[in-house]
Amino acid sequence: MSEAGRVLVVGDVMTDVIVRPEGPLVRGSDRRAKIQRRPGGSGANQAVWLGSMGARVSFVARVGASDKPHLEAYFKGFHVDAILAADPQEPSGVLVILVDADGERSFLTDRGANLALEPSDMPSWLLDETRLLLVSGYSLFAEGPRRAVLWLAGEARRRGVPVAIDAASASFLREVGVGAFLEWTRGMSTLLANADEAEALSGTGDLHEQMIALGACCERVIIKRGARGAALGGRQGLRLDEPAPLVDVVDTTGAGDAFAAGFIAAELEGAGEAACLRRGIEAGSKAVTQLGGQPG
C-alpha cells in the first residue's frame, strides 16, 4: 500500500467480558460458566483486524485516562496508530457478551468514556493522507460522539475522502430512530449492515429491496448475512451475492468487524468488488472460529 493509503477508523474501545454458560441461565440461582476478558469495541476490532491484514490504519477513540498507556501499546502491537483521548473522569467502556451454545451472542453495554468523544478529539490533519474514513455506527447513537464523528465525516467529504459507516446495532437503530440514522448517513460512500440491521433500516426482509431502499442513502450497500455469506448493491438493486463456507462456529463476536476489514483491505489493494466481498467473507468466517472480536 502507498503512503497515502491510510484507513482512519473512529469508534469505541471496550473491554469485552465474554461469558459462556454451561447451560441456560437459572433465574435467581447459579450457573457455571467460562468467563474471559478481552479487548473489544467495534471500532477497535475493525482497526486491529485491518492492522493484522497489513493495512496502514489509524484509530481514534476516547478511553479512561488510566488505560491509555497500555491500550496504546496494545494497538501498536497490531500495527495500529492509536490516537486516544484520555478521559479524566469516565472509565473505558465495558461490554458483557453472553455466548449461547450455538455461538450467537447477546450484549450488555456500558460505553463509559466512549460517550464523551468530542470534536476536539478528532485529528482532522490525518485526513490529508487518508483513503477512507470508517465510522462505527455506535458513535451515532449518543449526542456527544455523534456530533464529533459527523463533523469529521463532513470534513472528510469536503476533502474528497470517502466515508464508510457500519450500522452496528439493530436494537440501537430502532431506539435512536431509523429515519434519523439514514439522514445522518445520507451521502456517505458505503453502508455496511448485517441482515437484522438492513431489515430495520429498510423495513423489508427482501435482499433486493433492501439494496434499493438503502442505496437511496449511501452509494454502495454491503449486507453481511452470516452463514449465508454477504451481498453488495445499491439504488439499482442487488449486484453481487457470495456464499460463506461452512465452519465450526465458536463465537460470532466481531465477525462483522473482521468482514469489514477484509473487504476494505482488499479494496485498498485494488481488488474488484467480487474479490473484496470474498475476502470479507473469508475474514468473517475465520473470526467466528475463535473466541473474542479481535485476531488471536
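## The second largest pocket

In this predicted model, 14 residues line the second largest pocket, and L132, P162, T190, R220 and E267 are the ones nearest its centre. Strand 8 (130-136), strand 10 (190-194), strand 11 (220-224) and helix 8 each give two or more residues to that lining. Helix 8 has the largest share, with 5 residues.

The space in the second largest pocket comes to about 220 Å³. Its lining divides into 9 nonpolar, 2 polar and 3 charged residues.

## The largest pocket

The largest pocket holds about 1,300 Å³ of space. It has 49 lining residues, and E104, R105, N194, T252 and G256 are the closest to its centre. Elements that supply at least two lining residues include strand 2 (14-21), helix 1 (42-52), helix 8 and helix 9. By class, you will find 19 nonpolar, 17 polar and 13 charged residues there.

## Helix 8 against helix 9

How do helix 8 and helix 9 pack? Helix 8 (residues 255-268) meets helix 9 (residues 273-287) at an angle of about 145 degrees, and their axes are 7 Å apart. The crossing is right-handed. Among the residues in contact are F259 and F263 from helix 8 and L277 and I281 from helix 9. The contact counts 11 nonpolar, 3 polar and 3 charged residues.

Strand 6 (residues 93-99) pairs with strand 7 in the antiparallel sense over 6 bridges. Look for I97, whose bridge partner in strand 7 is F107.

Note on methods:
Residues numbered from 1 in each chain as written. Predicted model: local features only at pLDDT ≥ 70, side-chain atom pairs only at ≥ 80, totals over all residues. Heavy atoms only, no water. Pairing = 2+ DSSP bridges. Helix = DSSP H or I, 4+ residues; strand = E, 2+ residues; numbered from the N terminus. Axes fitted to C-alpha atoms, helices over the stretch in contact; angles between N-to-C directions. Left-handed = near helix turned anticlockwise from the far one by under 90°. Contact = heavy atoms within 4.5 Å. Nonpolar A, V, L, I, M, F, W, Y, C, P; charged D, E, K, R; others polar. 1 Å grid on protein atoms, 1.4 Å probe; cavity = no way out; pocket = protein on both sides within 12 Å on 5 of 7 lines; lining within 4 Å. Points joined across faces, edges and corners; volume = space filled by probe spheres on them.
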